[in-house]
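Subject: A structure for you to explore

Hi there,

Here is the structure I promised to pass on to you. Have a look at it first, and then read on for what I found in it.

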Amino acid sequence: MRGVRWRRVASQIGRSTVVWAVSTLTMLVLAGLLPDFQLQSADGDSATRIAVTAACGAGAFGVLSAVVWPLLVRLLLLVPALVLGLLVFFLNGSLLLLALRVNPSGRGEAAPETAVIVAAVMSAVASATGAALAVRDDETYRRRLHRLAARRRRTGLPCPSTPGLVFVQLDGVGHDVLTAAVRKGLMPTVARWLTTGDGTPPAGDGPRPTHRLTPWRTDWSSQTGASQLGILHGSTFDVPAFRWYEKDRGEVMVCNRPTSAAELQRRAVRHTGDGGLLTVDGASRGNLFSGGAGEQALVLSIAARRRGRENRSRAGYFAYFSDPANAVRTALSFAAEVGREIGQSTRARIARQRPRVSRGGLYPLVRAFATVVERDVVVAAVMGDMLAGRTAVYADLVAYDEVAHHSGPCGRDAEKVLQRLDRALALLQRVAEHAPRPYRLVVLSDHGQSPGETFRSRYGLTLGDLVRAGCGLHVPRRAEGTHSGAEARAAVRAALRRPVEEKGGQQRPVPGSEPIVLASGNLGLVSFPDVRHRMTKEEIDARHPALLTTLANHPGIGFLLVRSEEHDGVVLGAHGAEIPLAELDERPGPLARFGPGAADAVRRTHSFPHTADIMVNSALDPADGEVLAFEEQIGSHGGLGGAQSHPFLLSPLELSAPVDDEEELAGAEHVHRVLRRWLGELNGPQVPLTADTGTEASGSQVTGTESSGVESSGVEASGAEDTGADDTGADDTEDERAA
């Protein structure tokens, strides 16, 4: 044992020496290339003296990076994550200037802007050299990653030998997108697991699959807020959309707003009486909700408590950025991704690509954060969790969803993101080989995305404009001149029995009575805030005689859901279609083209307390699965229609099949029960334990923002969803999404 220890020490010293030598050589090369970076006095020095100066400078920079850098990162975790990523370059340059100042040789100077470049290059070269030296040494690789785990594992409990489960959510990747990516060779890791693109075993003696691919169907609200709440906490009750207005509270709920996420998690825990999927030795990484996990990083539902003293230590960011090599690599990738987005959007604009939405403003930074910073931090956190031997880990990678919203779900930009996500899965699989316990890697998605141009680009007005026109209210001049706006005004005049040639017809709204129109992908919600209850069809017709007819007959709208005094609830469609919910199975009417399960999804949403007065689902083209988003997105989700309702579940064959052959995996709550069953298969009944006593803890005591073990602080979320309402009431912005 002593001989092994000494060999490890000698190996580490050897690697450190090589990295030091390479860093010294890098510094010499940069001094020769950059005029503002000098390693000699003004009178000149011998080659030996210059080499000694470079060696001392490289050594001092390495020591400062190892000692001072983690302290700087801990202090900077008080600033937003986006700012932290941008400050990495300047901090690293400051460390280099300090290293040159304390250089024993007394030589060496650099301009501040040059120091930033030199420090970035040296950190990248040192990281690459260290990785190259350790690539064939699994023990070194494991020890390097284990530094992340040591900060997280404080329970002192022995690591069990039973398998753990790692759930990786590829946000927004639909079943059809995954299978197409496998066929195109974009995701070789997933292809190797499946062997065939559709998840069926190959014929003959070819490689055998290790995973099975199962599609599942979302509820009407096909978005991360509803799906992830159901998967992690077992309830999607009363989540009618991504954003909705609650009359009893006078508040707009937005799933990716910290206060709303905390409230939704609290409601789910109260509804189920259970803390969540991850209450037993679990970790939640990059999610909207905690799942009851004791270890949380980048979890939105606890970000609302960020002002508390116990929440200032953003463990996920600190664990990752405390390594300067990680910080520089991510910062460089961040800058490259910003440039890539600017180039791609410029190319699409020059080529007059259609459909297309605006990708300016802060979006390049938001995209880079989602595709680089969030991915790197979350993957590193999951690796640390695996090496710490945690029982259950759930992580969300939002990169594809963010890019597909603006570039299209099947575009080249989105395919590049899928390739990078596949490499992340390959890395996690490799880490699992060195973890202290076996792991089963489950990959799933929360929804898909449906392509299509926006409602506004096709018809020249927003859903909010159409609603206001149908109510006889003032609409912007650009909307008045459209064909849809003219038809809406004509319908209002006819309903009010006014002459067609009359140019008036616009009512003066009573203060507080104007409708609130919100958009969640291709799902729209219309609420009248001055009426405290959910209005019926009869009440809406009496108040705005032309509104429902205007909406139902518009070619961009597929169907409406409204409450009815006579039938409890009805679905309205074009040409006067009005079908009671109880008769949808026999007469699906406008729901027929939305496929199996649409009627059940609509009926369930109708039962929610906070369903809007009018639920509006866009039209669907069954031939190509295109919908019309009420937001500025050319890849959307949130309602019914197309691929958005069909995510996937990719599970190891060692686990039981999610459902029987004849059964459909329907709804996020059903997925939650499947994941719970797998945890029980691998580890027995899931009973939360307290970290200090090991005694049983009641699941009902686990609140929406507290864990059953060690309470852990979290960090602000990484932008799991797009924000922005169609019209009134949603004041969330891209800045809030990126936090």
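Let's start with Arg356, which sits in the loop between α11 (324–350) and α12 (363–387). Please keep in mind that this is a predicted model. Arg356 has a relative accessibility of 30%, so it counts as partly exposed, given that the partly exposed class lies between the buried one (under 20%) and the exposed one (over 50%). Arg356 also belongs to a patch of positive charge on the surface, where it gathers with Arg349, Arg352 and Arg354.

Now look for Gly408, in the loop between α13 (399–407) and α14. Along the chain, Gly408 and Arg356 are 52 residues apart, yet 8.7 Å separates their C-alpha atoms. Is Gly408 buried or exposed? Its relative accessible area is 9%, so Gly408 is buried, because anything under 20% falls in that class.

From there you can move on to helix α14 (residues 412–432), which is where you will find Gln419. Gln419 counts as partly exposed, with 25% relative accessibility. Which residue lies 231 positions away from Gln419 in sequence but 8.5 Å away in space? That is Pro188, with the distance taken from C-alpha to C-alpha.

Next, have a look at strand β9 (residues 392–397). Six of its six residues are buried, so the rest of the structure largely encloses this strand. You can check this one face at a time: Ala392, Tyr394 and Asp396 are buried on one side, and Val393, Ala395 and Leu397 are buried on the other.

Which strands pair with β9? One is β3 (residues 164–170), which runs parallel to β9 and is joined to it by six bridges. In this pairing, Phe167 stands opposite Tyr394 of β9. Another is β7 (residues 282–285), also parallel to β9, with four bridges joining the two. Here Arg285 stands opposite Ala395 of β9.

Last, go to the loop between β21 (648–652) and α22 (668–683), where Asp661 lies. Asp661 has a relative accessible area of 78%, so it is exposed, as the cut-off for that class is over 50%. Together with Asp660, Glu662 and Glu663, Asp661 forms a negative surface patch.

Enjoy turning it around on your screen!

Best wishes

Note on methods: Residues numbered from 1 in each chain as written. Predicted model: local features only at pLDDT ≥ 70, side-chain atom pairs only at ≥ 80, totals over all residues. Heavy atoms only, no water. Patch = residues over 30% accessible without salt bridge, like charges linked within 9 Å, V, L, I, M, F, W, Y side chains within 5 Å. Areas by Shrake-Rupley, 256 points an atom, 1.4 Å probe, with all protein chains shown as cover. Salt bridge = Lys/Arg side-chain N within 4 Å of Asp/Glu carboxyl O. Lys, Arg positive; Asp, Glu negative; His and termini not counted. Charge placed at Lys NZ, Arg CZ, Asp CG, Glu CD. Buried < 20%, exposed > 50% of the residue type's maximum accessible area, 1.4 Å probe, protein only. Pairing = 2+ DSSP bridges.
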